[in-house]
Amino acid sequence: MTADIIDGKAFAANLRAKVAAMVPAFREKAGRAPGLAVVLVGEDPASQVYVRNKHKTTVEAGMESFEHRLPADTTQDALTALVEQLNADPAVDGILVQLPLPKQIDESAVLATIDPDKDVDGFHVVNVGRLSTGMHGYVPCTPLGCVMLLKDRLGDLSGKDAVVIGRSNIVGKPMAQLLLAENCTVTVAHSRTAHLPEVVRRADIVVAAVGRPEMVKADWIKPGATVIDVGINRVPGAEPGKTKLVGDVDFAEAVEVAGAITPVPGGVGPMTIAVLLRNTLVAAHRLADVPYDEKAI
Ligand SMILES: Nc1nc2c(c(=O)[nH]1)N[C@@H](CN(C=O)c1ccc(C(=O)N[C@@H](CCC(=O)O)C(=O)O)cc1)CN2
Ligand SMILES: [Mg+2]
């Protein structure tokens with residue numbers, strides 16, 4: 001058996017096109033474009049690439065992009081002051097502080113400063129609470145993207161056995177909440193889970209978000225299961241001095257057992273920014289009091 005490859009790159013392109021198609025009607029009604037502010041502190045190379053891509057895709061979708069780049073030695077107070085300024089700016093619907101932050105900054109304190117109604121990353125505790133109690137809020141982009149891919153592949157997820165490997169606030173925990181909301185039976189596994197391969201082998205849906213290169217092996221996977229690989233690990237490549245990206249799943253092995261699988265790159269990764277644009281569009285509608293059909297995207 002060889003798995004179907006879930007093409008997240010194509011799905012994300014389609015999602016961005018749908019967002020872009022809805023922007024003109026919003027502009028017409030609100031008299032302005034949706035606006036996304038992205039804050040980058042420091043010079044982490046991967047973060048610079050992600051922030052550049054966010055700016056490019058935001059503009060391509062017809063939205064306003066406000067990019068703020070701060071030096072690596074920025075103080076907590078300076079960053080908080082910028083977030084407060086963005087909270088008060090009526091042109092800004094979505095605020096995103098790129099993670100990770102330099103070590104002198106208390107990440108949770110900064111995230112707590114973002115207005116929950118502009119928190120398009122869904123990391124504010126108010127949005128975490130809204131998600132876990134089934135209220136409308138903002139859902140973290142990567143897990144929401146994973147659920148979109150799963151529903152596209154499987155349709156109704158009700159009754160499926162899902163195992164999420166990883167318990168981070170950004171992916172593992174919100175992923176588990178979203179799968180619960182879809183009526184899956186959810187197990188959250190992590191680095192201390194006993195008999196991990198056996199636990200994973202029960203799953204119809206495996207979401208790997210543990211940050212360990214190619215950890216999930218073929219014999220961990222139930223034949224025909226749907227495998228969503230959230231890992232983005234840079235490892236030494238075949239040629240000396242070169243690197244390559246791999247996921248948390250050993251793709252070459254798992255593809256022979258799974259029913260469907262996301263590749264790395266080109267699977268979950270591109271969904272993150274596409275969902276960010278979707279969340280920004282939703283935030284703009286809510287803040288400008290323009291009705292939004294939640295089923296639209
Ligand atoms: N405030 C936030 N910080 C971070 C988030 C986030 O959602 N909000 N997620 C990640 C980084 N990220 C976006 O910020 C992100 C990661 C990966 C990709 C992506 O398209 N990956 C590609 C491969 C890219 C490469 O070659 O390096 C893929 O998987 O195909 C987009 C966005 C952490 N920080
Ligand atoms: Mg973990």
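Domain bounds here come from an automatic or database domain assignment. Keep in mind that the model is predicted.

**Exercise 1.** Work out where ligand 1 lies relative to domain 1 (31–124) and domain 2 (141–270).

*Solution.* Start with the shell: of its 17 residues, Tyr50, Leu99, Pro265, Gly269 and Thr272 come nearest to ligand 1. Next, look at the elements giving two or more residues, which are β4 (94–97), α6 (141–154) and α10. Helix α10 gives the most, with 4 residues. By type, the shell splits into 11 nonpolar, 5 polar and 1 charged. Now the domains: both of them give residues to this shell, so ligand 1 lies between them.

**Exercise 2.** Decide whether Gly166 and Ile232 are buried, exposed or partly exposed.

*Solution.* First, why pick these two? Both are among the residues that UniProt, in an unreviewed entry, lists under "binding site". Take Gly166, in the loop between β5 (161–165) and α7 (172–181). Buried calls for 20 or more other C-beta atoms within 10 Å; Gly166 has 23, so it's buried. Then take Ile232, in the loop between β8 (226–229) and β9 (233–236). Ile232 has 18 such atoms, so it's partly exposed. Leaving out residues up to four places away in sequence, Ile232 touches Leu245, Val264 and Gly269.

Technical notes:
Residues are numbered from 1 along each chain as its sequence is written. Chains are lettered from A and ligands numbered from 1 in the order in which they are written. This is a predicted model: local features need pLDDT of at least 70, side-chain atom pairs count only at pLDDT 80 or more; totals for chains, interfaces and linings use all residues. A residue is near a molecule or strand if its C-beta atom, placed from the backbone, lies within 6 Å of it. Ala, Val, Leu, Ile, Met, Phe, Trp, Tyr, Cys and Pro count as nonpolar, Asp, Glu, Lys and Arg as charged, and the others, Gly among them, as polar. UniProt positions are given in the numbering used here, feature names are shortened, and annotations may be inferred rather than shown by experiment. A residue is buried if 20 or more other C-beta atoms lie within 10 Å of its own, exposed if 12 or fewer, and partly exposed in between; C-beta atoms are placed from the backbone. Two residues are in contact if their C-beta atoms, placed from the backbone, lie within 7 Å.
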